[in-house]
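Welcome, and thanks for taking a look at this one. Please keep the viewer open as you read, so that you can follow each part in turn.

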Amino acid sequence: MKSYDLIIIGGGQAGLSVAYFLRRSGLDYLILDDQKESGGAWLHYWDSLKLFSPTDYSSLSGWQMPDTDHEYPLRDEFIAYLKAYEARYEFPVQRNTKVVQVTKQTDLFKMETNQGTLYAKTVVSATGTAKNPYLPHYPNQKAYQGVQLHTADYRNADAFRDQKVMVIGGGNSGAQILAEVSKVADTTWVTLDPPRFLPEDIDGRYLFHQANASFFDETTDSFNRRVSLSDIVLVESVVDGIERDVYHAVRPFASFYKDGVVWDNGKKEAFDAVIWCTGFKPNLKHLKTLDVVEDHRIGTKGTRSLKEPRLWLVGYGYWTGFASGTIYGVGKTARDTAREIKAYFKK
Ligand code: FAD
């Protein structure tokens, strides 16, 4: 029975980043990814998506993303870069392989996949969040007969032409999708709090530059400064939306009814469709059997599981390291992870 030193589950930017720091380690490792091509979750985001991170903050360790003639890369440009990154370093990626569950068998991890069973001494899970869209609960939601769609399934605005559409969510996804849909439909924007647009003089580069750990308060899990990584970046579509005056956010409604929503004052309003731009939770289903997942997270020190010290979690969000769910931020946590894995095998 062959067993690897390490299996990395997930071949998106987080998995590849760990592999980058293992290049000269001599470890026998494999990356398993359930998609048919490289690109991670980016393959599934909507067609017109512009990254909110400028080109020089959209690069992985070791190799800068080639310059584009615009400041914020397009989704397809970033996918092409990820593909080239993977080819450049010849990472061992086995595609079309979904890890269904991980269990422990003596001192090995056993990975059951749609391509058979694999074993490894250590595991890095880097499965992202895209496969676990988050939808908040509103009363009577099931009664609503219109279309409901999450960002995860949104492609473009074609299906919404001449309709009345509610967009829910005050982050970059909500703002970009609202800009696009409002060109062809009558839109209403619902956000929990008044949305925060980055000031005009602060672009995505400055945001990332400012977004370093010294501004992050780990005790409150939030930023203690005037900009945050979830503020809306003024990419072209958002600037266009501002110029067309489409951003009038209102606070949430009380409940759904069959044709739409009921506002707090009892007034009913019909909508053809609701687009949920309400984010994602970590995709940790395959680790449930290890009994380490609690409330969409795993207890870690850095990226290392506290309960399973031969398991590391990379990407996902702040709980695995500052900004580790972003392209710019994942490098540092990937480097530390690789360092710990190498040290484990040196013992
Ligand atoms: P993923 O890209 O999701 O990669 C995980 C891989 O693992 C995928 O290929 C997945 O199919 C695979 N996988 C999952 N489960 C299994 C399994 N059980 N077995 C095998 N394979 C599995 N960040 C920025 O820095 N700049 C931006 O501009 C930016 N824009 C964003 C826009 C949107 C709409 C969203 C949602 C996020 C954005 N992010 C941005 C955040 C982040 O960079 C992306 O979410 C990124 O895709 C995270 O990379 P990842 O490698 O952690 O996860």
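## Around the ligand

A residue counts as near a molecule if its C-beta atom, placed from the backbone, lies within 6 Å of it. The model is predicted, so local features need pLDDT of at least 70 and side-chain atom pairs count only at pLDDT 80 or more, while totals for chains, interfaces and linings use all residues. Residues are numbered from 1 along each chain as its sequence is written.

Around the ligand there are 35 residues, and those that come nearest are Gly-10, Gly-12, Gly-40, Gly-128 and Gly-315. The shell holds 13 nonpolar, 18 polar and four charged residues (nonpolar: Ala, Val, Leu, Ile, Met, Phe, Trp, Tyr, Cys and Pro; charged: Asp, Glu, Lys and Arg; polar: the others, Gly among them). Helices H1 (13-20) and H6 (327-346) each supply at least two residues of this shell, and H1 gives the most, with three. Helices (H or I, at least four residues) and strands (E, at least two) are DSSP runs, numbered from the N terminus.

## The nonpolar core

A nonpolar core is a set of buried Ala, Val, Leu, Ile, Met, Phe, Trp, Tyr and Cys residues joined through C-beta atoms within 7 Å. Buried means 20 or more other C-beta atoms within 10 Å of a residue's own, exposed means 12 or fewer, and partly exposed lies in between, with C-beta atoms placed from the backbone. The largest core has 81 residues, of which Ile-7, Ile-8, Val-18, Val-167, Ile-275 and Val-314 touch the most other members. Its largest share, six residues, comes from H6.

What does Val-18 touch, not counting residues up to four places away in sequence? The list includes Ile-8, Val-124, Val-314 and Ala-338; contact means C-beta atoms, placed from the backbone, within 7 Å.

## Strands and an enclosed helix

Strands E8 (residues 164-168) and E9 (residues 186-190) pair in the parallel sense over five bridges, where pairing requires that DSSP finds at least two bridges. Val-167 has Trp-189 in E9 as its bridge partner. From E8 the chain passes through helix H3 (residues 172-181) to E9 in a right-handed β-α-β crossover: with the strands pointing away from the viewer, the path from the first strand over the helix to the second runs clockwise. E9 also runs parallel to strand E12 (residues 249-250), joined by two bridges.

Why is H3 largely enclosed by the rest of the structure? Because 10 of the 10 residues of H3 are buried. Their cover includes E8, E9, helix H5 (236-243) and strand E16 (273-276).

Conventions. Contact = placed C-beta atoms within 7 Å.
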